[in-house]
Amino acid sequence: MVQDIHKLLSEGERVTLECKKATKGVPNSLWDTYSAFANTYGGTILLGVVEHMDEQDNTKRFEIVGVEDADKIRKDLWNTVNSREKVNINLLYDDDIQTIDIDGKKIIAINVPRADYTVRPVYINNNLSRGTFKRNHEGDYHCTEQELKMMLRDANEAGNDGLLLEYYTMDDIDIPTLERFRQMFQNLHPEHQWNSAEHKEFLTNFGGYTRDRRTGQEKKD
């Protein structure tokens with residue numbers, strides 16, 4: 001992991017990497033970047049790293065200063081990302097936030113995945129118009145009205161994929177297709193607790209299989 005961080009820094013801050021000093025706590029600007037990464041290509045946020053903007057040499061441009069209380073920052077991160085008052089959706093799993101020790105200094109690496117088009121836009125502060133960001137090489141920027149409309153349209157055009165189908169059971173599931181999907185999920189999240197679940201439990205956890213509480217009928221998404 002330490003080698004991975006050094007490799008990221010040697011390549012320089014770019015559209016999928018953001019460094020923040022964050023010595024004493026979580027900066028407010030982190031959530032702009034969370035939204036921007038989620039709505040664009042995904043990316044990594046490093047806390048405890050200072051970027052010297054006027055330095056052209058990437059080997060000298062980034063300084064690892066560390067954070068003072070990594071445990072508190074991690075707790076604050078989880079509390080905030082799970083708060084609908086700050087973020088409309090939590091895309092992170094347990095292994096997406098890690099504390100890394102580099103030469104006695106602790107930094108925090110946050111891996112933000114790209115959000116599926118069905119849940120974009122990802123926005124902050126309960127403000128769709130002013131809290132939705134995208135990423136370019138110059139940093140995070142507010143989405144235009146046109147960009148918002150495109151994301152909302154794409155999400156709505158998911159159409160019947162989000163409907164519940166009645167009178168279906170596990171017998172109607174194409175198991176080879178499900179197994180391929182589960183392998184993709186495990187590759188992305190090797191430590192996730194859902195990997196050990198039976199097929200039906202996995203689909204239920206994922207929101208693709210449920211029981212109608214009114215009729216008792218089983219349904220699949």
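Predicted model: local features only at pLDDT ≥ 70, side-chain atom pairs only at ≥ 80, totals over all residues.
Let me begin with Thr 132, which is buried, its relative accessible area being 0%, where buried stands for under 20% relative accessible area, exposed for over 50% and partly exposed for what lies in between, computed with a 1.4 Å probe on protein chains only. Residues are numbered from 1 along each chain as its sequence is written, and side-chain values use heavy atoms, with hydrogens and water left out.

Thr 132 belongs to the loop between strand E6 (105-112) and strand E7 (133-136); helices (H or I, at least four residues) and strands (E, at least two) are DSSP runs numbered from the N terminus. A polar atom of the Thr 132 side chain lies 2.7 Å from the backbone oxygen of Leu 128. Leaving aside residues up to four places away in sequence, Thr 132 touches, among others, Ser 35, Asn 39, Tyr 141, His 142 and Cys 143, a contact being heavy atoms within 4.5 Å.

Cys 143 is itself buried, with a relative accessible area of 6%, and Cys 19 also counts as buried, at 9% relative accessibility. How many disulfides does the structure hold? It holds zero, a disulfide being a pair of cysteine sulfur atoms within 2.5 Å.

Turning to the sheet, four strands form an open sheet of mixed pairing in the order E1-E2-E6-E5, where two strands pair if DSSP finds at least two bridges between them. Strand E1 (17-20) and strand E5 (97-102) are the edge strands, each pairing on one side only, and from one strand to the next the twist averages 20°. Helix H2 (residues 29-39) packs on this sheet and touches E1, E2 and E6, with its direction at about 165° to that of E2; axes are lines fitted to C-alpha atoms, for helices over the stretch in contact, and angles run from 0 to 180 degrees between N-to-C directions. Strand E2 (residues 43-47) runs antiparallel to E6 and is joined to E6 by five bridges, and Gly 43 has Val 112 as its bridge partner in E6.

Finally, on confidence, pLDDT is the predictor's confidence in each residue, from 0 to 100, and the protein averages 83, with 84% of the residues scoring at least 70. Over residues 213-220, however, pLDDT stays under 50.

Terms used: Polar contact = N/O pair within 3.5 Å; in protein donor to acceptor, adjacent residues only side chain to side chain.
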